[in-house]
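Subject: Structure handover

Hello,

The structure we talked about is below. My notes on it follow; please read them with the structure open.

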Amino acid sequence: MTTLIIGVLLVMGGAVAGIAVERVRLRRWLRGIGVSPPDRDPASREAPRRRWSVRHAVEDAHRRAGVAEAARLSAETAERRISSSLDALQSGLVLCDRSGQVVARNTAAAMLLQARHGEALVAGVIKDLLERARTGERVTTNVDLHAEPRRSYEVTAGPVERDGEMLGAVALVRDTTEHHRIESVRRDFVANVSHELKTPIGALSLLADSLAADSDPEVAAQLAGRMQIEIQRVANTIDDLLTLAMLEDESGRPDARVDVGAVVAAAVDRISETAEQSDIKVVFSNRAEVEPIRGSRLHLESAVFNLLDNAVKFSEPGGRVDVVVEADQQTLSVSVTDEGVGIPATEQARIFERFYRVDRARSRSTGGTGLGLSIVRHVALNHGGDVSVTSREGFGAKFTLTLSLGSGD
Amino acid sequence: MTEQTRKGFHAEIEEISDLIVQLAARAGDAVARATDALLTYDLVEAQQIIDDDDYIDVAAIEVEEKCQSLLALQQPMAGDLRQILAAMWITGELERTGGLACNICKGARRMFRTELPPRLRGLIAEMNEEAIRLIRLSVDSYSEHDAALASALHDIDDRLDSLHRTFVKTLLESSRTHDLDVQPSVQLALIARYYERIGDHAVNISDRVRYMVSGVMPWRAGISRHRVRDEPRMQELAADPAEMSSNSDDKAD
């Protein structure tokens with residue numbers, strides 16, 4: 001019996017000792033996998049009474065996993081934030097690693113890299129420049145695409161280094177089309193202004209010199225006549241410049257009521273004599289039955305007259321000019337169609353610029369100030385409309401002046 | 001063939017396809033540039049285009065050599081084989097397109113100082129647009145493996161052909177009304193022909209695309225016409241089915 005009791009006690013003692021040993025092992029193992037016992041945990045210092053237990057360790061592990069998860073999430077958010085910011089850029093950005101493999105690109109760059117037509121050339125340049133940038137070079141190339149729609153791109157590439165170690169290369173692609181357009185508008189404007197203003201002044205100065213040196217009255221009369229022509233040219237230019245300045249100044253739409261049909265009829269009437277002299281038929285048809293619109297009769301008539309004047313000027317003898325007034329719910333349009341020389345596709349966007357001329361060499365023979373279409377455009381804008389052109393070189397042109405009917409603006 | 005080399009093989013076919021798209025972009029741009037040089041009487045640019053044609057030639061040779069080494073090393077079959085063969089043919093067509101752009105430039109040089117009548121200028125601009133449209137459509141059909149679009153190109157090309165006829169008619173009128181000399185007149189007639197040829201090359205590309213996608217050989221239509229005309233020859237061909245078969249490989253794909 002006693003042996004039995006001693007035996008039971010021994011087994012119990014062994015079990016207790018076994019549990020103690022297990023517990024030490026568990027602690028060691030937990031320490032090994034980085035789950036530290038409570039005495040090292042700052043959180044447990046605030047509650048020193050709380051004894052360390054397996055349950056506690058599991059809780060602790062969960063908390064730490066939560067921290068790691070949060071860190072992962074915040075890294076992901078940061079990455080997403082960076083990549084969506086890069087995607088919002090209009091410029092293309094391509095990053096490649098040391099071996100030349102593309103590792104990142106934003107949306108704009110992806111579009112270019114997948115492009116099939118003209119833009120495929122830009123993709124080729126990006127790849128070439130990244131190759132060169134990986135050797136430590138910094139390179140920039142301009143790519144002009146000549147097929148419609150014409151575009152220009154600027155590709156810059158450079159190496160990506162840290163502590164002298166080459167990590168890869170980055171390329172930046174910028175669409176410079178608009179930049180080039182503005183640049184050429186500005187450059188041509190200066191050249192064209194000086195051409196329009198200086199040519200008659202130069203002529204006047206020469207004519208005046210000749211007049212001073214010559215005493216023959218017949219020659220003098222001839223020279224004076226030429227001087228008058230040049231003076232008229234300068235006067236016209238100044239008049240048009242003032243008109244343009246006035247149109248720009250006027251804010252809001254003029255308040256008078258204008259019957260556009262009557263305005264166009266008056267303009268057609270004014271051009272008819274010139275047209276007859278060049279054997280050109282002007283045909284007017286009014287297909288709009290609308291109430292008079294708000295606007296300025298004077299300005300509208302001058303705009304329509306400018307379009308008619310151009311149509312007649314650039315038509316061959318025997319040609320025909322069609323003038324049509326049409327209306328729909330919101331707009332009233334006046335279109336002037338001729339069968340003349342037309343306008344090259346590349347120039348059509350630019351003819352409404354001030355002093356812009358398709359053929360500068362011919363500007364003196366056709367007369368005009370180079371401001372006519374700018375004036376038309378401003379009048380249209382002041383009347384809540386616009387002016388547009390469709391043309392094929394050699395097959396005439398169609399100018400359409402649209403005016404809004406609404407009384408709102 | 002192991003999985004690894006297979007992967008490499010398809011990546012290489014993909015690369016050839018990219019190179020062809022690049023080559024087509026270059027050739028199309030050369031045509032547009034040549035038209036600009038012609039219409040703006042820019043001889044410096046014309047010379048530059050002729051010099052730049054070397055890049056097109058180099059790119060074309062690069063594609064050809066890639067195709068040759070794939071044929072030799074991988075012995076592709078069925079669809080893969082057709083894709084490589086089509087690539088080689090298409091490369092040739094694009095190289096010629098670049099060559100025709102150079103011919104336009106040389107024509108511009110030979111008729112320098114001749115002011116072109118506006119109608120002829122307008123028609124040249126239009127033939128240029130139409131030729132570039134055809135090149136683009138043929139490349140679209142190639143990239144998208146679109147046999148239907150490829151078949152449509154024959155009809156789309158009719159417009160360029162009719163522009164070419166209008167141009168020649170207008171040229172004959174203009175030589176009277178605008179006092180065009182013989183030299184520029186001849187050059188202009190040739191230039192119009194070059195645009196028309198560029199369109200034909202685009203149609204040839206579309207024929208090769210149809211072959212690539214479905215195995216049909218549209219360029220062999222002449223054989224069937226010949227068969228109808230020439231009965232004994234027809235029987236000879238019928239006796240040798242290999243000559244007309246092209247779809248037999250498809251099932252292996």
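**Helix packing in chain B**

In chain B, helix α2 (residues 43–74) packs with α3(B) at an angle of about 170°, their axes being 9 Å apart. Axes here are lines fitted to C-alpha atoms, for helices over the stretch in contact, and angles run from 0 to 180 degrees between N-to-C directions. Helices (H or I, at least four residues) and strands (E, at least two) are DSSP runs, numbered from the N terminus. α2(B) is therefore roughly antiparallel to α3(B); angles under 35 degrees count as roughly parallel, over 145 as roughly antiparallel, 65 to 115 as roughly perpendicular and the rest as oblique. The contact of α2(B) with α3(B) comprises 18 nonpolar, 3 polar and 5 charged residues. In this scheme Ala, Val, Leu, Ile, Met, Phe, Trp, Tyr, Cys and Pro are nonpolar, Asp, Glu, Lys and Arg are charged, and the others, Gly among them, are polar.

Before going on: this is a predicted model, in which local features need pLDDT of at least 70 and side-chain atom pairs count only at pLDDT 80 or more, while totals for chains, interfaces and linings use all residues. Residues are numbered from 1 along each chain as its sequence is written, and chains are lettered from A and ligands numbered from 1 in the order in which they are written.

Helix α3 (residues 78–110) of chain B also meets helix α6 (residues 182–214) of chain B: the axes come within 9 Å and cross at roughly 170°. That makes α3(B) and α6(B) roughly antiparallel to each other. Their contact has 13 nonpolar, 8 polar and 6 charged residues.

Chain B as a whole has 8 helices and 0 strands. Of its 253 residues, 42% are buried, where buried means that 20 or more other C-beta atoms lie within 10 Å of the residue's own, exposed means 12 or fewer, and partly exposed is in between, with C-beta atoms placed from the backbone. Among contacts in chain B with a separation of 6 or more, 82% are between residues 24 or more positions apart; two residues are in contact if their C-beta atoms, placed from the backbone, lie within 7 Å.

**Where the chains touch**

The contact between the chains takes 23 residues from chain B and 18 residues from chain A. On the chain B side, α1 (3–39) and α4 (118–143) each supply at least two residues. The largest share of that side, 13 residues, comes from α4(B). By class, the side of chain B that touches chain A has 9 nonpolar, 4 polar and 10 charged residues.

**Sheets in chain A**

One open sheet of 5 strands in chain A has the order β2-β1-β5-β4-β3, with antiparallel pairing; two strands pair if DSSP finds at least two bridges between them. β2 (102–105) and β3 (139–145) of chain A are at the edges with a single partner strand each, so one side of each is left without a neighbour in the sheet. The twist averages 20° from one strand to the next. β3(A) is joined by 7 bridges to strand β4 (residues 151–162) of chain A, the two running antiparallel. A:D144 stands opposite A:S152 in β4(A).

Another open sheet of 5 strands in chain A has the order β7-β9-β10-β12-β11, with mixed pairing. Its edges are β7 (281–286) and β11 of chain A, each with a single partner strand, so one side of each has no neighbour in the sheet. Neighbouring strands of this sheet are turned by 15° against each other on average, direction ignored. β11(A) and β12(A) pair in the antiparallel sense over 6 bridges, and A:S391 stands opposite A:A397 in β12(A).

Helix α11(A) lies across β11 and β12 of chain A, at about 130° to β11(A). In helix α11 (residues 372–382) of chain A, 10 of the 11 residues are buried, so the helix is largely enclosed by the rest of the structure. These buried residues pack against α7 (217–249), α9 (297–313), β11 (386–391) and β12 (397–404) of chain A. Just after α11(A), A:G384 takes a positive phi of about 65°.

A:E230 lies in helix α7 of chain A. A:E230 is partly exposed, with 18 other C-beta atoms within 10 Å. Leaving aside neighbours within four places in sequence, A:E230 is in contact with A:P200, A:A203, A:L204 and A:L207.

Regards
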